[in-house]
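Hello,

Please find the structure below, followed by notes on what was found in it.

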Amino acid sequence: MAKRLYEVWKGKNKFIFKGRLIFGPDAKSMIVTLLLIIVPVVIFCTNVARNLFDETSGNIAGYAVLMVTVVFTIYVLILLLLTSARDPGIVPRNLHPPTEEICYDSSASIDVGRQTPTPRLPPTREVIVNGVPVRVKYCITCQLYRPPRCSHCSVCDNCVERFDHHCPWVGQCIGLRNYRSFFLFISSSTILCIFIFAMSALNIKFLTDDYGTVWKAIKESPLSVVLMVYCFIFLWFVGGLTCFHLYLIGTNQTTYETFRYRGPERPRIYDLGFLNNFREVFCSRIKPSRNNFHAYVQEDERGFARGMNSGTYISDLDGNRREKVEDDREIGGDLLKISQRREGGATQQNTWKPEEVVANRGDPSTMIINVSTPIDIEIVVQLLDEM
């Protein structure tokens, strides 16, 4: 009996509405985020906004405060849903893994004094991106060579295009297809915090004029002070995050690249210029998902995680897998910690908007990429697999 793709999906994602909405494995954490937004807004509307409405004698200004709060909160919640319930840019697992090459295993014990050829895949391939060499790794889980800026999220167990980080607050990876909505979510949350803080302070000002002292005004509306303190604390978090991602957008970097590959000499070959970088994020068309989770799949199309015979390569990566899981979580939850852990791991930053991709058949581990206009990632995956 045929099943839908989401029913046999090998990643750790959670699906609802028959695969039409996709969440990360920690999607329950989004409930906390919802409460952190909705609870203070309800308190504001039922207390502070009502006091402001009375102070303005029911004119249009009082209605405007309430309407702006409700409409903007709905907008923030929609952005949260778009970020959390959308495919972030998952690269489908390879149904036809690349052919293993004959390599010589130097660790093998040889009686005759020479090495034995062992069939396995090279752990990395080198691509030249606009004159800069960039190494792309082979993903043993997805069975493909990851194109530049693509990384495997160990939380969701998927390779994600233009992987930024895994955000525990939205319970989803942040990648190519949901980065715009993620940035709009955190920036809109910052504006909402500022608005509620300012209106709560205005309410205290009106009450001070009515009762004569600030202390009496606070006693009359203690929730206004609570909201001001709450917004002030969270403004440091979402506001700082917004400023950080403004910097990333302006320089065309990702969180993963910034904290995992550090180095002052690293050329920013993705940098298209300040305005073009912003245009790429906010004015480009969002690519359609490469996975139709609602579609039916045949029996032979469900073998996404077939075993490989490259035992040597797998054993080499097992020691780093646990560290990568920690990194993916820490990048989303604590950027400072991952920065300190990876301080010595500098490498060159890579960029991916090529005009021409040329496979160098003389050297099967090298591919030359000239950068200027976008190219579909599927072309790159196919070329890497054929090399």
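**Charges over rings**

Arg149 sits over the face of Tyr270, 3.6 Å from the ring centre. Arg162 is likewise over the face of Tyr179, at 5.5 Å from the ring centre. A charge counts as over a ring if NZ of Lys or CZ of Arg is within 6 Å of the ring centre and within 35 degrees of the ring normal.

This is a predicted model, in which local features need pLDDT of at least 70 and side-chain atom pairs count only at pLDDT 80 or more, while totals for chains, interfaces and linings use all residues. Residues are numbered from 1 along each chain as its sequence is written, and side-chain values use heavy atoms, with hydrogens and water left out.

**Aromatic pairs**

There are 16 aromatic pairs in the structure. In one of them, the ring centres of Tyr6 and Phe15 are 5.8 Å apart and the planes are at 50 degrees, so this pair is tilted. (Rings of Phe, Tyr and Trp, the last by its six-membered ring, pair if their centres lie within 6.5 Å; planes under 30 degrees apart count as stacked, over 60 as edge-to-face and the rest as tilted.) Tyr6 is partly exposed, at 21% relative accessible area, whereas Phe15 is buried, at 18%. Buried means under 20%, exposed over 50%, and partly exposed in between, with a 1.4 Å probe and protein chains only. Ring pairs join Tyr6, Trp9, Phe15 and Phe293 into a cluster.

**Annotated spans**

An unreviewed UniProt entry places "transmembrane region" at residues 30-49, 61-83, 182-204 and 224-250; such annotations may be inferred rather than shown by experiment. Residues 30-49 are 100% helix, with end C-alpha atoms 27 Å apart.

Regards

Definitions and conventions: Helices (H or I, at least four residues) and strands (E, at least two) are DSSP runs, numbered from the N terminus.
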